[in-house]
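Please keep the sequence and the 3D view side by side while reading. The paragraphs that follow move from the overall fold to single residues and their contacts.

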Amino acid sequence: MAKRILVPVDGSEQATEALSYALEEFPDAEIGVINVIDPIDVGYTSTVGMPGYSEEWYEESKENAEAVFEEAQELADEYGVTLTTKTEVGQPAQTIVDYAEEFDQIIMGSHGRSGVSRILLGSVAETVVRRSSVPVTVVR
């Protein structure tokens, strides 16, 4: 049976590196990619109080996820792999951990923050590593 690997993707260079690593190291694996829409992000804009904005924001976030999936699939095509995709809404680290229960391993990128910025911003990768019930490989 082929290994099932989950790669969280957000369009960042680090996520692309993680996907490349997964494709290179596990050529026979079934690879799923997940993009998590964080509802907290809507609160960071000044237009959040406008009627209908949250729906507009959500639709835009789904479109962005589709664009990220298209880029990921273009990379996977170079390896002859078809990705399965999933978009979820929630707190990124916990959503990844919950969804990963269907997989054998998580391979994800790290943004490499350190010091105060890591403390203030948190680390999705670190939280996933601490909470995941499946092995996690962090690609820098």
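The model is a predicted one, in which local features need pLDDT of at least 70 and side-chain atom pairs count only at pLDDT 80 or more, while totals for chains, interfaces and linings use all residues. Residues are numbered from 1 along each chain as its sequence is written, and side-chain values use heavy atoms, with hydrogens and water left out.

For the fold as a whole, helices (DSSP H or I runs of at least four residues) and strands (E runs of at least two) are numbered from the N terminus. On that basis the protein has 5 helices and 5 strands, and along the sequence these elements follow the pattern β-α-β-α-β-α-β-α-α-β. Of its 140 residues, 39% count as buried.

Strand β2, which covers residues 30–37, contains I31, and I31 is buried because its relative accessibility is 1%. The C-alpha atoms of I31 and L19 are 8.9 Å apart in space, and the two residues are 12 apart in sequence.

Charge pairing comes next. Side chains of opposite charge can pair when their charged atoms come close. The criterion for a salt bridge is a side-chain nitrogen of Lys or Arg within 4 Å of a carboxyl oxygen of Asp or Glu, and a search of the whole structure finds 4 of them. One of these joins the side chains of E30 and R4, at 3.2 Å from N to O. Because E30 lies in strand β2 and R4 in strand β1 (residues 4–8), this pair ties together parts that are 26 residues apart in sequence. E30 is partly exposed, with a relative accessible area of 35%, and R4 is partly exposed too, at 22%.

What separates the closest N and O atoms of E59 and K62, which form another salt bridge? The distance is 3.6 Å, and both residues lie in helix α2, 3 residues apart, which is about one turn of the helix. E59 has a relative accessible area of 40% and so is partly exposed, while K62, at 31%, is partly exposed as well. A further salt bridge links the side chains of K86 and E88 at 3.3 Å, N to O; K86 is partly exposed at 30% relative accessibility, and E88 is partly exposed at 25%.

Helix α2 also contains Q73. Is Q73 buried or exposed? Its relative accessibility is 19%, so Q73 counts as buried, and its side chain reaches the backbone oxygen of V81 at 2.9 Å. This is a polar contact, that is, a pair of N or O atoms within 3.5 Å, where within protein one must be able to donate a hydrogen and the other to accept it, and residues adjacent in sequence count only if both atoms are side-chain atoms.

Finally, E66, E70, E71, E74, D77 and E78 form a negative surface patch. Patches are made of residues with over 30% relative accessible area and no salt bridge, like charges being joined within 9 Å and nonpolar side chains (Val, Leu, Ile, Met, Phe, Trp, Tyr) within 5 Å.

Technical notes:
Accessible areas come from the Shrake-Rupley method with a 1.4 Å probe; for residues, only the protein chains shown count as cover. Lys and Arg count as positive and Asp and Glu as negative; His and the chain ends are not counted. The place of a charge is taken as NZ of Lys, CZ of Arg, CG of Asp or CD of Glu. Buried means under 20% relative accessible area, exposed over 50%, partly exposed in between (1.4 Å probe, protein chains only).
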